[in-house]
Amino acid sequence: MKRSSWFFLYLLLLTTSAIAQTVKVIKGVTLIDGTGSGVKSNIDLVIKEDKIEAILPANAALPANAEISDLAGKFIMPAMINGHCHLGLLKGDNSSPNNYTRENILRHLEKYEQFGVGRVLCLGTDQEIIFPLRDSSQNGLLPGATIYTAGYGLAANNAPPTNLSHSIKQPQTVEEAIKDIDDLVLLKPDFVKIWVDDFYGIAKKMQPEIYEAVIKESHKKGLRVAAHVFYLDDAKKLVSAGIDVLAHSIRDKEVDDELITAMKQKSVYYIPTLSLDDYNIVYANDPGWINDSFFKASLEPGLWERLTSANFKQQVQKDTTLEKKKTAFEIGMKNLKKLSDAGVVIVLGSDSGAQPVRTQGFSEHLELQLMTEAGLTPMQAIIAATNNGAKMLHIDKQCGTLQPGKKADFIVLNGNPVGDIKQTRNIFSVWKNGVQVK
């Protein structure tokens, strides 16, 4: 190599090293760190590389030569974690496994990130390309929210979810269920997903002997299992069988002490997906946010026109299951409050991305709003969307709260979400790995 080339390489290495060692200070912010310890005013956040180096009180000595951003008057909270979503299916006013491409998945990840969602768990509708994408994403090589995946979910034969992916397994025997898990484990999914529901009576449920085998084999292989659920009786059987996560609200009856005790004893996480049930009914009228620019920015092209059409409103109003869906939503709201008050760990999940109406980005903020309308405090909702999601994914040592040594992944807000949870929509900027997202 020529001397000039060596010199250029030397300068490049020096420049790269300098960038890697850059220390940034965000001054004068109000910090909501995700631990539930309260709001800390007039804080200086010190970032080194991709992590939080220190959290300093006002007027503390700052590192020499730091890049300083004065964000006095702003509020900072951890980036959100969506514990239940779907990737790659939406494109325009359409949801289809035919939309499942690398380009579309990356587009969805970047959208989530723009709305302050830093990590997503895709539950059961993924196809083969997700695994190399997941690996690259978790190693910081892809833009957008970081991917976690359950890969190929398991459902009863011809259940509705099978329309969303060609890869969903449909075991009919215990032996088939065990084989499906043994095949899946080779791909190292972050979770296993099962569907146990009759979808308002139109489908067969997965039988207990099948999901019991799935849970047992998954645990034997070191995998945890999340279940789509609707009925209280199914939830009790699943918890007894060792389920790790109930990935939807229980919506047929109010939860009882038997279930609450079992969930607490077995440390079962609960993801209410209230926005899913709200979307089922809210378009019978005009939602208060239908013309909100934040909502409209999250929609796929062409969807707003359908949602605001008279035909769509009439379609929702004429839904023969509308009253059942209204009741389900009301029961789900009550059960969230009851389970939260009892000490069950709540995790935010929206089920966004499965259908066009479950828009990615806005749904997570709507979920926060609905949690507070159910009776949780804004701080409890924020913890569900950050710290608890990280705990469920077993990544709480690296993210989920804003503390020294953890990832500098956060949202800068113009208003205080602890006073008004809708202020999570008032986004000033989003940061990932210590860098502001453009």
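A disulfide here is a pair of cysteine sulfur atoms within 2.5 Å. By that cut-off, the structure holds 0 disulfides. Before going on, the provenance: this is a predicted model, in which local features need pLDDT of at least 70, side-chain atom pairs count only at pLDDT 80 or more, and totals for chains, interfaces and linings use all residues. Residues are numbered from 1 along each chain as its sequence is written, and side-chain values use heavy atoms, with hydrogens and water left out.

Back to the cysteines. Cys85 is buried, at 0% relative accessible area; buried means under 20%, exposed over 50%, and partly exposed in between, with a 1.4 Å probe and protein chains only. Cys122 also counts as buried, at 0%.

Next, the sheet. Helices (H or I, at least four residues) and strands (E, at least two) are DSSP runs, numbered from the N terminus. Two strands pair if DSSP finds at least two bridges between them. An open sheet is formed by 4 strands in the order 9-10-11-12, with parallel pairing. Strand 9 (192–195) and strand 12 (269–270) are the edges, each pairing on one side only. Helix 5, residues 208–220, packs on this sheet and touches strand 9 and strand 10. Its direction makes about 175 degrees with that of strand 9; axes are lines fitted to C-alpha atoms, for helices over the stretch in contact, and angles run from 0 to 180 degrees between N-to-C directions. Inside the sheet, strand 10 (225–228) and strand 11 (245–246) pair over 2 bridges, and Ala226 has Val245 of strand 11 as its bridge partner.

Now Asn335, in helix 12, residues 322–342. Is Asn335 buried or exposed? It is buried, with a relative accessible area of 0%. Contact means heavy atoms within 4.5 Å. Leaving aside residues up to four places away in sequence, Asn335 touches Ile250, Lys253, Glu254, Val255 and Tyr270. Asp256 is 79 residues from Asn335 in sequence, with the two C-alpha atoms 9.3 Å apart.

Last, helix 14, residues 378–385. Of its 8 residues, 6 are buried, so the helix is largely enclosed by the rest of the structure. The buried ones are Met379, Ala381, Ile382, Ile383, Ala384 and Ala385. What covers them includes strands 1, 2, 5 and 6, together with helix 13 (362–373) and helix 15 (387–392).
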